[in-house]
Amino acid sequence: MNKILIRICVLFIVIVLFLLILLRSRSPFGRDNSSFASEPKEEITRIEFSENGKKLTLEKKGEAWLVNGKSEARKSGILFILRILKEIKIKSPVSQDLYNTEISGKNISPVKVKVYEKHRLLKTFFVYKTISNNYGNIMKIKEKSKPFIVYVPGYDGDIGSGFTLNELFWQPYTVFNLLPSEIASVHLENLSDTASSFSICNKNHHFFLCGPSGKLAGWDSALVIRYISYFVYVPFESWAFKLEESEKKSIEAQKPLYMLTIITSGGKKVVLTLWLMHSDKDSYDKIDSDRLLGKTNEKDELFIMRYFDIDPLIKKRSYFYQQ
């Protein structure tokens with residue numbers, strides 16, 4: 001009798017432990033429908049985004065990540081998306097009414113995401129971008145699964161922006177990356193103070209300061225060389241993707257503040273145009289004192305530059321005469 005009782009107790013304990021393990025491994029919404037985070041054994045090596053027949057691939061090759069197998073990806077962008085993929089959790093379920101209003105009613109197409117570790121598929125899910133929440137997304141494991149608002153603990157920003165097929169988003173945010181030996185000439189046109197405009201020419205590996213009528217005299221050669229060295233790395237903050245097309249056209253129709261033209265030693269011409277940036281799009285009286293809007297002749301898209309990054313290049317001619 002005692003042996004039977006002991007066996008019953010052992011069996012009961014085993015069943016309770018099994019149920020506890022099972023319940024702890026399951027999500028309150030069903031793990032198959034709500035487990036979005038990727039859990040690689042070592043590391044994620046490939047990410048695929050697809051939307052309306054288009055596709056973008058981010059893949060690790062050696063120590064670098066490539067965009068669509070061509071250009072090297074921006075490191076901060078890769079770190080951002082890897083953190084999202086590994087740490088995303090459910091913030092809250094989405095009601096059918098909200099889903100119908102924000103997604104179905106607006107005909108929002110999802111971005112299908114596939115995450116791989118080498119050849120092993122780790123996770124597949126769908127991202128519906130929306131402004132209905134601070135995190136910029138509603139996600140599903142499958143198109144017919146329950147929708148959720150998903151977030152990354154400790155990060156309050158828009159993680160929906162990370163799921164984009166725009167190649168520009170993934171490329172380095174760099175305007176110039178030139179060594180002095182790669183620069184043939186620089187011309188800065190100050191459109192609000194034309195007398196401050198100047199040119200610098202490279203003649204036989206020597207740089208000369210010039211004005212509209214030719215070479216100038218009395219300038220400090222050390223300051224000219226220092227100025228040329230600032231082109232080694234000139235970044236911008238972000239693309240101005242959120243601007244409407246009408247806003248972009250309006251900005252480009254305005255008189256710019258500066259036009260900076262670089263001719264490389266290989267004959268390539270890069271023109272950077274800079275405009276004032278308004279901190280409030282509904283009020284042209286509010287000027288952003290920390291940022292400018294920029295565009296180069298290489299890409300048909302506006303970007304945002306901090307004065308901190310561009311200020312070394314937008315000197316006045318008098319700068320080169322300072323003691």
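The following questions and answers concern a predicted model of a protein.

Trainee: How many helices and strands does the protein have?
Mentor: This is a predicted model, with 323 residues in the protein, 42% of which count as buried. Among contacts between residues at least 6 apart in sequence, 60% join residues at least 24 apart. The secondary structure consists of eight helices and 20 strands.

Trainee: Are the rings of Phe 49 and Trp 170 stacked or edge-to-face?
Mentor: A search of the whole structure finds 21 aromatic pairs. For Phe 49 and Trp 170 the ring centres are 6.1 Å apart and the planes meet at 25°. Planes under 30 degrees apart count as stacked, so this pair is stacked.

Trainee: How many residues apart in sequence are the parts that Phe 49 and Trp 170 tie together?
Mentor: Phe 49 and Trp 170 are both buried. Phe 49 belongs to strand S1 (residues 46–51), while Trp 170 belongs to helix H5 (residues 167–170). The pair therefore ties together parts whose separation in sequence is 121 residues.

Trainee: Which residues form one aromatic cluster with Phe 49 and Trp 170?
Mentor: Phe 49 and Trp 170 are members of one aromatic cluster.

Trainee: What kind of aromatic pair do Tyr 227 and Phe 231 form?
Mentor: Tyr 227 is buried at 0% relative accessibility, and Phe 231 is buried with a relative accessible area of 0%. Their rings lie 5.7 Å centre to centre, with 80° between the planes. Over 60 degrees counts as edge-to-face, so the pair is edge-to-face.

Trainee: Over which ring does the charged end of Lys 315 sit?
Mentor: The charged end of Arg 74 sits over the ring of Tyr 173, at 3.9 Å from its centre. For Lys 315 the charged end is 4.9 Å from the centre of a ring, and that ring belongs to Tyr 319.

Trainee: Is Lys 118 buried or exposed?
Mentor: Lys 118 lies in the loop between strand S6 (111–117) and strand S7 (120–129). Its phi is positive, about 60°, although Lys 118 is not a glycine. Most residues other than glycine have a negative phi. With 62% relative accessibility, Lys 118 counts as exposed.

Trainee: What is the relative accessibility of His 205?
Mentor: His 205 is in the loop between strand S12 (198–203) and strand S13 (206–211). Phi of His 205 is near 70°, a positive value in a residue other than glycine. His 205 counts as exposed, its relative accessibility being 74%.

Trainee: How far apart are the end C-alpha atoms of helix H3?
Mentor: Helix H3 (residues 75–87) has 13 residues, and at 1.5 Å a residue it should span 18 Å. The distance between its end C-alpha atoms agrees with that, at 18 Å.

Trainee: What covers the buried residues of H3?
Mentor: The buried residues in H3 are Gly 77, Ile 78, Phe 80, Ile 81, Leu 82, Ile 84 and Leu 85. Their cover includes S1, strand S2 (54–61), strand S3 (64–67), S6, S7 and H5.

Trainee: Which residues is Thr 273 in contact with, leaving aside its neighbours within four places in sequence?
Mentor: Thr 273 is found in strand S18 (residues 269–280). Thr 273 has a relative accessible area of 12%, so it is buried. Leaving aside neighbours within four places in sequence, its contacts are Pro 256, Tyr 258, Met 259, Leu 293, Gly 294 and Lys 295.

How values were computed:
Residues numbered from 1 in each chain as written. Predicted model: local features only at pLDDT ≥ 70, side-chain atom pairs only at ≥ 80, totals over all residues. Heavy atoms only, no water. Helix = DSSP H or I, 4+ residues; strand = E, 2+ residues; numbered from the N terminus. Buried < 20%, exposed > 50% of the residue type's maximum accessible area, 1.4 Å probe, protein only. Contact = heavy atoms within 4.5 Å. Phe/Tyr/Trp six-rings, centres within 6.5 Å; stacked < 30°, edge-to-face > 60°. Lys NZ or Arg CZ within 6 Å of the ring centre and 35° of its normal. Expected span 1.5 Å × (residues − 1).
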